[in-house]
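Please find below a short note prepared for a colleague who wishes to consult the coordinates alongside the text. The sequence and structure come first, and the comments come after.

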Amino acid sequence: MTSFRAVSCRLFLMSCVFACYEQQARAAEIPLDIITENDSGYSFGRLGIKVGVNNAQPEEYLFDTGSDSFNIAVGMNSSQNGPAWFPTQAGTAISSPYGYMYGDGTYGYLQSDTTVSSVQFYNSITGKNVANYDTSAGLGVALIQASIATQGSLSGNPGQVIPGDTPGLLPDQTYYQDLSWQQALNQGKAPDEGHFYGIVGAGDFVYPGDNGGVPGQLTQTGYIVEANGTATTPG
């Protein structure tokens with residue numbers, strides 16, 4: 001359950017402009033959301049970020065500096081035109097599904113790789129668009145068809161069995177669709193932790209086969225994640 005939400009962290013994407021033979025740094029300031037959740041008597045914080053792709057409806061994503069992939073929940077029951085936050089892109093290639101697993105490999109996502117042609121960032125409180133990026137050359141993202149897990153790691157109700165020959169899955173395990181995750185999407189609710197439509201990876205690394213973190217794909221000169229900063233005093 002989400003009990004508190006405020007914008008007090010920022011992401012800076014650095015770019016360079018050249019004038020009068022001098023190089024100057026210019027940063028796009030993108031607000032992050034601090035989301036405090038309560039579960040089983042414990043309170044913990046999450047960072048969120050409001051993002052849209054291809055000028056579609058923006059949604060809240062988990063901002064994860066430990067991930068190197070932009071994972072967007074679309075589910076298995078999307079209409080022919082796709083969900084409002086990720087409309088179908090004619091002519092854009094989508095890979096075969098594979099397992100993107102976490103921890104001991106018994107839980108994660110069933111997803112496919114594709115690209116988007118633009119990315120938009122928003123202030124989640126005001127709804128204002130604060131930054132736009134043209135990625136017409138193709139920014140790598142992953143479309144999540146399902147949250148999946150083995151029987152012992154499943155947090156929701158089991159749905160269909162995931163084919164055992166799906167790349168990325170442990171060969172000696174049986175994986176199930178998390179039906180509760182899909183049902184949340186069907187009801188117009190954020191499927192991850194009741195608040196997120198996927199993950200915006202912001203890690204400063206890339207594992208073989210992954211798409212790469214979003215900030216790293218949008219800048220050639222670096223980015224900063226700042227907390228508790230002010231206009232005169234950095235965080």
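Predicted model: local features only at pLDDT ≥ 70, side-chain atom pairs only at ≥ 80, totals over all residues.

The numbered points below concern side-chain pairs, backbone angles and selected residues.

1. The salt bridge. The structure holds one salt bridge. Its partners are Glu 193 and Arg 46, whose side chains meet at 2.6 Å, N to O. Glu 193 belongs to the loop between helix H1 (179-186) and strand E11 (198-201), while Arg 46 belongs to strand E3 (residues 42-53), so the pair ties together parts that are 147 residues apart in sequence.

2. Accessibility of the two partners.

3. Most residues other than glycine have a negative phi. Glu 193, the residue of the salt bridge, has a positive phi near 60 degrees; its place is in the loop between H1 and E11. Asn 54 also has a positive phi, of about 55 degrees, although it is not a glycine. Asn 54 is placed in the loop between E3 and strand E4 (59-64).

4. Aromatic pairs, Tyr 61 and Phe 70. A search of the whole structure finds six aromatic pairs. In one of them, the ring centres of Tyr 61 and Phe 70 are 5.3 Å apart and the planes stand at 85 degrees, so the pair is edge-to-face; the label applies because planes over 60 degrees apart count as edge-to-face. Tyr 61 is buried, with a relative accessible area of 2%. Phe 70 is buried as well, with a value of 0%.

5. Aromatic pairs, Phe 121 and Tyr 133. The rings of Phe 121 and Tyr 133 have their centres 6.0 Å apart and their planes at 85 degrees, so this pair is edge-to-face. Phe 121 lies in strand E7 (residues 107-122) and Tyr 133 in strand E8 (residues 129-150), so the pair ties together parts that are twelve residues apart in sequence. Both Phe 121 and Tyr 133 are buried.

6. A tyrosine cluster. Which residues form one aromatic cluster? They are Tyr 100, Tyr 102, Tyr 107 and Tyr 109.

7. Thr 166 is found in the loop between strand E9 (158-161) and strand E10 (175-178). Although it is a loop residue, Thr 166 is buried, with a relative accessible area of 9%. Its side chain reaches the backbone oxygen of Pro 163 at 2.8 Å. Not counting residues up to four places away in sequence, Thr 166 touches Pro 97, Tyr 98, Gly 99 and Leu 110.

8. Ile 49 in strand E3. Strand E3, which contains Arg 46, also contains Ile 49. Ile 49 and Tyr 122 are 73 residues apart in sequence, and their C-alpha atoms are 7.9 Å apart in space.

Key:
Residues numbered from 1 in each chain as written. Heavy atoms only, no water. Salt bridge = Lys/Arg side-chain N within 4 Å of Asp/Glu carboxyl O. Helix = DSSP H or I, 4+ residues; strand = E, 2+ residues; numbered from the N terminus. Phe/Tyr/Trp six-rings, centres within 6.5 Å; stacked < 30°, edge-to-face > 60°. Buried < 20%, exposed > 50% of the residue type's maximum accessible area, 1.4 Å probe, protein only. Polar contact = N/O pair within 3.5 Å; in protein donor to acceptor, adjacent residues only side chain to side chain. Contact = heavy atoms within 4.5 Å.
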